[in-house]
Amino acid sequence: MNTIDWKSLPFGYFKTDYNVRCYYKDGKWGEPEVTDSELITMHMAATCLHYGQEAFEGMKAFTGIDGKIRIFRMVENAKRMQSSARGILMAEVPIPVFEESVVKAVKLNLKYVPPYGEGASLYIRPLLIGTGPEVGVKPGKEYMFMVFAGPVGPYFKEGFNPVRMQVVRDYDRAAPLGTGHVKVGGNYAASLRAGERAHEDGFASCIFLDAREKKYIDEAGPANFFGIKGNSYITPDSSSILPSITNMSLCVLAEEMGLRVERRHVPVEELTEFDEVGACGTAAVISPICQIHDRDTGKIYNYCKDGKPGPLSTKLYLKLKGIQEGLEPDTHGWVTVVQ
Ligand code: PLP
Ligand code: COI
């Protein structure tokens, strides 16, 4: 293996040595198996190919200051993948099978876990797909669960430096009673056109509004949105956003810091009132937002006037990162030490 330049890793696919797979057939899951193949062979009529029976997760492992490797909130990802499976009628992966596969995928690729202090982490991608053949629109009878992992740098190239985002109204990521609350591939397919246009227009990502009224903020591309106003941490409550595990954790940390946490509709007009805004997620961690352009109204909202992330976003970021990297005590049992 050539030496890896950890500091310049992009957020992308990185070939590692092994991945883990597990198959569901005749109503039950088999044992997780290890392979070095990057390829999957499947039936051409597999339900994942035709009817979108596909769900994934995104999680990270970190090397701590003490050299130990920690996986963040693995059980929450396992539970969310079960919720995604229920959402599109796939077989649910039992939590112990999920945990065993994730830990195996990390342990088998230890040399790819970035060292402490390089600004990188091991991104873990569990994937659940319908592999059984069907031609009528119905759920398949066979499923494959797999976990691969690879080292990544920050999702937005800016890292913990402020990014610009664009509010859009001419595309929806998810419908109010659709699949926005689960992590299925179709939501990401629906977000591609708006996302690529935002990049072409010079923005890190787009901000989707609620599909019914286009009044409230839903999500910031592949991340949840939050705003800080005075002593409050405010984040959208919506049936069409993914319940972010990062956001759930930040809400707890914010409360512990004495902030008031508000989960409620966030009208676009409220963008004028926030002191700090940001996007949060596993890949994005906390991405402070310095500017939001509204494509339709032409309004521009500015934050981080000195070009730096705001004080409360910084405090939350450091606290979260501290827990993930063993600098702060894990008082909530959020991390699994692998080695
Ligand atoms: N929203 C969307 C659409 C996402 O893809 C993600 C990433 O997983 C998130 C929010 C953040 O979720 P989490 O913090 O669990 O990674
Ligand atoms: C994550 O934050 O883990 C995501 O899944 C976001 C994106 C890469 C899809």
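**Ligand surroundings and cysteines in the predicted model**

An oxygen atom of ligand 2 lies 2.8 Å from a polar backbone atom of alanine 283. The protein covers 90% of the 280 Å² of accessible area that ligand 2 has on its own. The structure described here is a predicted model, and the distances and areas reported are computed from its atoms.

Side chains also approach ligand 2. An N or O atom in the side chain of tyrosine 123 is 2.7 Å from an oxygen atom of this ligand. For lysine 183, a side-chain N or O atom likewise lies 2.7 Å from an oxygen atom of ligand 2. The residues that surround ligand 2 include Tyr123, Lys183 and Ala283, together with the aromatic residues Phe11, Phe56, Tyr155 and Tyr188. Among the others around ligand 2 are Gly58, Arg125, Pro222 and Thr282. The space that ligand 2 takes is the largest pocket.

Ligand 1 also sits in the largest pocket. The elements that give two or more residues to the shell around ligand 1 are the helix α5 (245-256) and the strand β15 (276-281). In total, 16 residues lie around ligand 1, and Tyr188, Glu219, Ser244, Thr246 and Thr282 come nearest. Tyr188 and Thr282 are also listed among the residues surrounding ligand 2.

In the side chain of threonine 282, an N or O atom is 2.5 Å from an oxygen atom of ligand 1. A polar side-chain atom of arginine 80 lies 2.7 Å from an oxygen atom of the ligand. The contact of isoleucine 245 involves the backbone, with an N or O atom 2.8 Å from an oxygen atom of ligand 1. Taken alone, ligand 1 exposes 380 Å², of which the protein buries 96%.

The cysteines were examined next. The structure holds zero disulfides. Cysteine 290 is in no disulfide, and the nearest cysteine sulfur, that of cysteine 304, is 5.5 Å away. A disulfide is assigned to a pair of cysteine sulfur atoms within 2.5 Å. For cysteine 251, the closest cysteine sulfur belongs to cysteine 280 and is 7.8 Å from its own sulfur, so the two are too far apart for a bond. Cysteine 251 has a relative accessible area of 7% and is therefore classed as buried, a term that applies under 20%.

Note on methods: Residues are numbered from 1 along each chain as its sequence is written. Chains are lettered from A and ligands numbered from 1 in the order in which they are written. This is a predicted model: local features need pLDDT of at least 70, side-chain atom pairs count only at pLDDT 80 or more; totals for chains, interfaces and linings use all residues. Side-chain values use heavy atoms; hydrogens and water are left out. Buried means under 20% relative accessible area, exposed over 50%, partly exposed in between (1.4 Å probe, protein chains only). A residue is near a molecule or strand if one of its heavy atoms lies within 4 Å of it. A polar contact is a pair of N or O atoms within 3.5 Å; within protein, one must be able to donate a hydrogen and the other to accept it, and residues adjacent in sequence count only if both atoms are side-chain atoms. Accessible areas come from the Shrake-Rupley method with a 1.4 Å probe; for residues, only the protein chains shown count as cover. On a 1 Å grid over the protein atoms alone, a cavity is a set of points where a 1.4 Å probe fits but cannot get out, and a pocket is an open set with protein on both sides within 12 Å along at least five of seven lines; lining residues have an atom within 4 Å of a point. A molecule sits in a cavity or pocket if more than half of its atoms lie within 2 Å of its grid points. Helices (H or I, at least four residues) and strands (E, at least two) are DSSP runs, numbered from the N terminus.
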